[in-house]
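Work through the exercises below with the sequence and the model at hand. Each task is followed by a stepwise solution.

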Amino acid sequence: MLVLPELPLGFASSVYADDADPRVFYVVPAVPRIRTDDQGGRALVFYKYRSVPPGETEATGGGFLEFQTELALDDAERDRILQALRSRAADPVLSTPVYLDGTAELVTFTPAPGGLVEAIEGSAHPSLFGDNAAAFALTLSRDGAVLLWDQLRESPSPVAVRYQLSMLARLPAGKVHVWLRPGPLRDAWDQV
C-alpha cells in the first residue's frame, strides 16, 4: 500500500513508496493530458460549422469540442523517475495508486446561452482505474468556435481540466503519547 509522505525527488509528479515492497513505487502524474490510443492518436475532435437557418439570410455557426483526458506519464518522465529510483531499489517498479473517489472538472469560459461556451457536458467523476480517463464535450457559439480553434494550439490554452482524487494510503509509523489529567471527565468515568 502507498505510504505517505511523497518522496522528495524533485519531479512535478508525486512519487510514493510502498509500505511492504521496497521495489514498488506509486506515481501520481502532476498534469492531465489529452488521452492517446495505442497508435499515438489523440482523443480530441473539433467541429466547426456554418449554416443558414430556414427563412434567414444570415449564416449562423458554432462548434463542438469533444475530448478525453487522462492522468498518465509520458515515456521520458517515466524513464527519469525510474532512473532516480534506482538509487533506492535495484529494479524499481512503478504502479498506480488505489483510487477511492475523485472528480474531474473542466475549467474554461462560463457556459451561457449566446456566450463563447454555450454548454458543457462531461465527466464529473473520472474512471478510478488505469489512467483515470474523463470525457468532456463543449457546445460553442460562432465566436467561441473561432477563438478556441485559434487558441487551443497556444500555451496556456483557454481549456483546462482539474482532477481531485482520493487514494488509499498508509501513514508512516509514529509514536503517540497520551496524558490523562484529573478533572470532570475522569470523575465521570469513576462513577460509571
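**Exercise 1. State how much space lies in the largest pocket of this predicted model, and which elements line the pocket.**

Step 1. The space in the largest pocket comes to about 270 Å³.
Step 2. The lining consists of 13 residues. Nearest the centre of the pocket lie Ile 34, Phe 67, Ser 157, Val 159 and Ala 160.
Step 3. Two or more lining residues are given by each of β4 (33-34), β6 (60-70) and β11 (160-167).
Step 4. β6 provides the largest share of the lining, three residues.

**Exercise 2. Classify the ring pair of Phe 46 and Trp 149, and say where its two members lie.**

Step 1. A pair of aromatic rings is described by the distance of the centres and the angle of the planes.
Step 2. For Phe 46 and Trp 149 the centres are 5.2 Å apart and the planes stand at 75°. The cut-offs are centres within 6.5 Å for a pair and planes over 60 degrees apart for edge-to-face, so Phe 46 and Trp 149 form an edge-to-face pair.
Step 3. Phe 46 belongs to strand β5 (residues 44-51) and Trp 149 to helix α2 (residues 142-151), so the pair ties together parts 103 residues apart in sequence.
Step 4. With a relative accessible area of 15%, Phe 46 is buried; Trp 149, at 35%, is partly exposed.
Step 5. The count of aromatic pairs in the model is three.

**Exercise 3. Which residues form a nonpolar patch on the surface, and is Leu 100 buried or exposed?**

Step 1. The patch is formed by Met 1, Val 98, Leu 100 and Leu 168. Together these residues have about 330 Å² of accessible area.
Step 2. Leu 100 sits in strand β8 (residues 99-107).
Step 3. The relative accessibility of Leu 100 is 51%. Exposed means over 50%, so Leu 100 counts as exposed.

**Exercise 4. Locate the cis peptide bond between Leu 4 and Pro 5, and describe the backbone at Asn 132.**

Step 1. Most residues other than glycine have a negative phi, and most peptide bonds are trans.
Step 2. The bond that joins Leu 4 and Pro 5 is cis, with omega about 0°. Pro 5 is in the loop between β1 (2-3) and β2 (14-18).
Step 3. Asn 132 is not a glycine, yet its phi is positive, about 55°.
Step 4. Asn 132 is placed in the loop between β9 (117-122) and β10 (134-141). Its relative accessibility is 1%, so Asn 132 counts as buried.

Key. Residues numbered from 1 in each chain as written. Predicted model: local features only at pLDDT ≥ 70, side-chain atom pairs only at ≥ 80, totals over all residues. Heavy atoms only, no water. Phe/Tyr/Trp six-rings, centres within 6.5 Å; stacked < 30°, edge-to-face > 60°. Helix = DSSP H or I, 4+ residues; strand = E, 2+ residues; numbered from the N terminus. Buried < 20%, exposed > 50% of the residue type's maximum accessible area, 1.4 Å probe, protein only. Patch = residues over 30% accessible without salt bridge, like charges linked within 9 Å, V, L, I, M, F, W, Y side chains within 5 Å. Areas by Shrake-Rupley, 256 points an atom, 1.4 Å probe, with all protein chains shown as cover. Salt bridge = Lys/Arg side-chain N within 4 Å of Asp/Glu carboxyl O. 1 Å grid on protein atoms, 1.4 Å probe; cavity = no way out; pocket = protein on both sides within 12 Å on 5 of 7 lines; lining within 4 Å. Points joined across faces, edges and corners; volume = space filled by probe spheres on them.
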